[in-house]
Amino acid sequence: MIEIRKIDHLVLRTENVAAMVQFYEEVLGCRVERALPEETGLTQLRAGDALIDIVAVDSELGRAGGGPPGPTGNNVDHFCLELKDTGPSELRDWLVGRGVECGEFETRYGAGGFGLSIYIRDPDGNTVELRPDRP
């Protein structure tokens with residue numbers, strides 16, 4: 001059985017990265033931890049023990065989520081859950097055993113640094129990233 005330890009990060013898509021970063025820094029007290037605007041359009045802000053990722057909608061990463069935020073486009077790309085006492089093979093077996101389609105594990109950066117994670121979709125099509133705590 002899966003046990004969630006915490007939310008690792010969430011990803012917000014925007015047409016105005018500077019204003020979003022300024023808001024989360026100056027209003028909410030987050031700090032920029034990583035910025036890769038030229039590579040992926042991504043800026044990652046530390047929010048306690050989690051991250052808030054700000055992604056430019058016109059970047060390679062942002063375009064993958066569809067149009068800009070508004071009535072026909074989403075601004076929440078995905079959220080990531082860190083799992084407790086779970087390894088990748090156990091997690092894959094759990095998901096497949098419940099009829100959940102899943103891709104391959106890849107190394108990604110999250111609130112706890114680099115680690116393996118996998119993307120799945122919930123019944124409404126929302127993307128959920130799952131991050132086991134054991135390699």
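Analyst: A residue is called buried under 20% relative accessible area, exposed over 50%, and partly exposed in between, with a 1.4 Å probe and protein chains only. Lys6, with a relative accessible area of 21%, is therefore partly exposed. This is a predicted model, in which local features need pLDDT of at least 70 and side-chain atom pairs count only at pLDDT 80 or more, while totals for chains, interfaces and linings use all residues. Residues are numbered from 1 along each chain as its sequence is written, and side-chain values use heavy atoms, with hydrogens and water left out.

User: Which residue forms a salt bridge with Lys6, and how many salt bridges are found in the whole structure?

Analyst: Side chains of opposite charge can pair when their charged atoms come close. The criterion here is a side-chain nitrogen of Lys or Arg within 4 Å of a carboxyl oxygen of Asp or Glu, and a search of the whole structure finds 10 such salt bridges. In one of them Lys6 pairs with Asp49, with 3.9 Å between the closest N and O atoms. The pair links distant parts of the chain, 43 residues apart, since Lys6 is in strand β1 (residues 3-14) and Asp49 is in the loop between β3 (42-47) and β4 (50-56); helices (H or I, at least four residues) and strands (E, at least two) are DSSP runs numbered from the N terminus. Asp49 is partly exposed, because its relative accessibility is 49%. Both residues belong to a network of salt bridges that also includes Arg5, Glu82 and Asp133.

User: Are Arg131 and Asp8, which also meet in a salt bridge, buried or exposed?

Analyst: Arg131 and Asp8 are both buried, and their side chains meet at 3.8 Å, N to O.

User: How should I read the largest pocket, and which residues lie nearest its centre?

Analyst: Rolling a probe the size of a water molecule over the atoms shows where empty space is left. On a 1 Å grid over the protein atoms alone, a pocket is an open set of points where a 1.4 Å probe fits, with protein on both sides within 12 Å along at least five of seven lines, and lining residues have an atom within 4 Å of a point. The largest pocket is lined by 30 residues, and Val11, Leu61, Asp77, His78 and Tyr119 lie nearest its centre.
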